[in-house]
Amino acid sequence: MTEAVFVQLLDLICGGVLLTAVLSLWRRELAAIVRLLVAQGILLALLAALLGAREHSTELYVAAAGVLVLKAIVLPAVLRRVLRDSGEAREAEPLVNVTTSLLAAALLTLLAYGISRPLVLLAPSATTRALPVGLAVVLLGFFVLVTRRRALSQVIGFLLLDNGITTTAFLATAGVPLVVELGVSLDVLLVVLVLQVLAARMRLTFGRTDLDELRELRD
Amino acid sequence: MSAQMVGAVAASAGQLVLVVGGAPLLVGVMRQVRATAEGRAGAGIGQPWRDLRKLLGKEAIRPEGSSWVFTAAPLVLLASTLVIAAVAPFLSTISPADGAADLFAVVALLMLGTVSLALAGLDTGTAFGGMGASREMTIAALSEPTILLAVFALSARVGSSNLADIVAGTLTSPARILSPASLLAAIAFAVVIIAETGRLPVDNPATHLELTMIHEAMVLEYAGRDLAAVELAAAMRLTVLLGLGANLFLPWGIATSVEPLALLVALVALVVKVGVLGAGLAVFEVFIAKWRLFRVPELLAASFLFGLLAVSVSFFLA
C-alpha cells in the first residue's frame, strides 16, 4: 500500500467516524442511533485493520476482529434488546434542543482541534494529524452523556465516548497492547450489561427509564 | 481580441443560453420524474416552457399601492441569476469575467435576488407577502453562511476563492473528491440547494396551502410577464445551484481550454450531470414529506455543522 492511498483511506475512515458521531446527535429515534453506532464500530474495525496492514502486525488484526465483534455486533445487539423490551424509548429526549446541540458539536470539534495541536506538533504524521477526530468523538460522547435523559441514551453517550477513546488510542500509538485492549473491551461490555440490568430495574420501578425519576430515591 | 478571448466569450454565451433554455426543461424533467414515480401520467417535460409562453402573453397586473420595488424585483432576480449563469464555471474554467466568478460574489448575487423578492413580498402589504418574506429571510439567513462555509472548505486547499480555480484544482487532483472534507461539504451543499431553491422538505414548490408555502407566498401577487420572470428565475437558480454543485464536487468533463470540441463535451457532460442530479432530487422528494417550519432550522444547523466540519477537517486531516 502506498503512502498516499494509506493517508486517503485513513482520512476517509476518520471522517466517517466523526460523521457518525455527529449524526447520532441529530437523529431522534434511538433505533437509528443504534444503527449509527454499528456503522461507527465497523469504521473503527476498518481503522484497526488499516493500521495493521501498514504495520504488518497480527496483533492489530486480532484487535480489529475484536472491535468488530464487540462494537458492531454484541453491544448493538444488547442495546436493541433493551430497546425492544422497553417499547417506550422511541425518542432520545435531549435536555438541549437539537439545533443547539449541533452548534455545540461544532464548537466541541473546534475545541478538540485546538487542544490536540500541541500533541500533533510532537510528532506530525498522517495518523497523529487525525487525532482531533478521536478527541472530538470523546467530547461529543460526553455531551450526549450530560444532555440526555433516558438511561439508554446515556449508554449510547458512554459508547460514543469509548469509541472516541479507542480511535484516539489507535491513532496515537498504533494500538495499545492487546491485553490492555481486551481488558478495556471487557470493561465496556460489563458496564453496558450492568446498565442494561439497571435500565430494566428502573423500568420495573418507574415504568420508564427517565433518569430524573431517580430523584425520588434521595428522599 | 485573441482567439482565447473569443472562445471564452463563446463559452460564456453558450452556458447563458444553456441555462436560460434548459432551466424550465430541468423543472419539467423533475416534475415528470416525480409524476412517473407516483404513478401519474405527468404533463411532459415541455410544460414549464408552455406555461412561460402563456404567462408572457398576458398582461402584468400590479396590486394597487405597490411601489417600484414590486416592479423591479423580478428584473433584479432575473438579472442577478443571469450574471451567475454567465460567469460561473459551467462549461469551461476559462471565463471572460474571471474576477466575477468569485465565491463571495456569487453568493452575494444569490442573496441579492432573494432579498429583492422578499422586499417585493413586503411591498404588496398583504398578509401572505409579509409571511412569505419573513419565512424566506429566516431560511436565507441560515443557509447563506452554510453555502460560504461549504465552498470555503474546497477553496482552502486551492488557496483561492475563485470558483474556476477550485474546479480546476479538483480536476488536477481527483483524489481530493473522496476526502472527508469534500464529502462533508457535499452534504452541506446539497442541503443548502434544497433550502435555497425551495424544494421538499423545506418548502413545497407545488402547493398553495397557506401553512406550508414560503416562496409561493411571496410571489402570489405577481401575474403575467412578471410572474413569468419570477418562475424562469426560480428555475434558473435551481439549475445554477445544481450545476455549481455538479462542477464543484464532480468536475469531470468540464473544459480546461476553449477548444470547440472540449466545449461540446463539457456541454453534454453538464446536461447529463445536472439532469441526473435533478432527477435524483425529484426521486428523493417522492419519499419525504414537508417538515414543519420549526424543524427547518434544525436541518440548516446540521448542514452548517457539516460545512464547519468540512472546513476544520480540511485543516486537521490535511
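Q: How many salt bridges does the structure hold over all chains?
A: Six. The structure is a predicted model, and the six are counted over all chains.

Q: What makes the pair K71(A) and D162(A) a salt bridge?
A: The side chains of K71(A) and D162(A) meet at 2.3 Å, N to O. The cut-off is 4 Å, from a side-chain nitrogen of Lys or Arg to a carboxyl oxygen of Asp or Glu. The value of 2.3 Å lies within 4 Å, so the pair counts as a salt bridge.

Q: Which parts of the chain does this pair link?
A: Distant ones. K71(A) sits in helix α3 (residues 58-86) of chain A, and D162(A) sits in helix α7 (residues 151-173) of chain A. The two residues are 91 residues apart.

Q: How many residues are in contact between chain B and chain A?
A: 25 residues of chain B are in contact with 24 residues of chain A. The area buried between the chains is about 2100 Å². Carbon and sulfur atoms give 76% of that area.

Q: Which three residues supply more than any other three of the area that chain B buries against chain A?
A: E298(B), F316(B) and L317(B). They supply 31% of that area.

Q: How many aromatic pairs are there over all chains?
A: The count comes to two. One of them is formed by F70(B) and Y222(B).

Q: Why is the pair F70(B) and Y222(B) called stacked?
A: The ring centres are 4.2 Å apart, and a pair needs centres within 6.5 Å, so the rings pair. The planes are 5 degrees apart, under the limit of 30 degrees, so the pair counts as stacked.

Q: Where in chain B do F70(B) and Y222(B) lie?
A: F70(B) is in helix α3 (residues 68-87) of chain B. Y222(B) is in the loop between α8 (215-218) and α9 (224-249) of chain B. The two are 152 residues apart.

Q: Where in chain B is confidence lowest, and where is it highest?
A: Confidence is lowest in α8(B), at a mean of 80. It is highest in helix α2 (residues 47-56) of chain B, at 90. Chain B averages a pLDDT of 84.

Conventions: Residues numbered from 1 in each chain as written. Chains lettered and ligands numbered in written order. Predicted model: local features only at pLDDT ≥ 70, side-chain atom pairs only at ≥ 80, totals over all residues. Heavy atoms only, no water. Contact = heavy atoms within 4.5 Å. Buried area = accessible area lost by both parts, 1.4 Å probe. Phe/Tyr/Trp six-rings, centres within 6.5 Å; stacked < 30°, edge-to-face > 60°. Helix = DSSP H or I, 4+ residues; strand = E, 2+ residues; numbered from the N terminus. pLDDT = per-residue confidence, 0-100.
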